[in-house]
Amino acid sequence: MIVIVLTVSPPRLRGHLTRWLFEISPGVYVGKVSARVRELLWEQVLENIGQGRAVMVYPADNEQGMEFRTRGQEWEPVDFDGLQLIMRPNTSQQQRSNSAKKSMSTPKTGWSTASRRRRFGR
C-alpha cells in the first residue's frame with residue numbers, strides 16, 4: 001500500500017492520481033499498486049508538482065518496514081545508521097547565531113543535544 005500526500009498541486013495531477021489511487025481526503029491518496037506503477041506515478045508527481053510539495057510512503061524490506069520520498073519539503077531525509085530520519089532546518093534566530101560561533105568540528109545542526117552527546121562522546 002502506498003500513500004501520497006500533495007500540497008499546492010495542480011488539478012491535472014490530482015486527476016491523474018485518482019486513476020490509480022483513492023483520494024481519501026483532499027491531497028491524500030492511498031492505494032495498492034505494483035512497484036513499477038509506483039515509480040511511474042512518482043515520476044508524474046515530479047514532472048507536474050510545480051511549486052507544490054509531495055510525500056510518498058511505501059512498504060519496504062528494511063528495519064522500518066517503509067521508505068519515503070519527498071519533493072519540495074523543508075525537512076530533509078537523512079540516513080542515520082540505516083534508518084531514514086527527518087532533519088528539521090534551523091529556523092530560530094538563537095540557533096543560527098550559535099551555529100555561526102561553533103567550530104567546524106561540531107555535527108550538522110538539527111540533531112538533539114542528547115543525540116550529539118551520544119554520537120560524538122561529549
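Start with the sheet: five strands make an open sheet in the order 2-3-1-4-5, with antiparallel pairing. Strands here are DSSP runs (E, at least two residues) and helices are too (H or I, at least four), numbered from the N terminus; two strands pair if DSSP finds at least two bridges between them. Keep in mind that this is a predicted model, where local features need pLDDT of at least 70, side-chain atom pairs count only at pLDDT 80 or more, and totals for chains, interfaces and linings use all residues. Residues are numbered from 1 along each chain as its sequence is written, and side-chain values use heavy atoms, leaving out hydrogens and water.

Now select 22-25 (strand 2) and 66-71 (strand 5): these are the edges, each with a single partner strand, so one side of each has no neighbour in the sheet.

Click Tyr58 and you'll find its bridge partner in strand 5, Glu67. Next, show helix 2 (35-48), which packs on the sheet and touches strand 1 (2-7), strand 4 and strand 5; contact means heavy atoms within 4.5 Å.

Jump to 76-80 and 83-87, strands 6 and 7, an antiparallel pair joined by five bridges. Val78 stands opposite Leu85 of strand 7. In the loop between these strands sits Asp81, with a positive phi of about 50 degrees although it is not a glycine. Is Asp81 buried or exposed? At 72% relative accessibility, Asp81 counts as exposed (buried is under 20% relative accessible area, exposed over 50%, partly exposed in between, with a 1.4 Å probe and protein chains only).

How values were computed
Axes fitted to C-alpha atoms, helices over the stretch in contact; angles between N-to-C directions.
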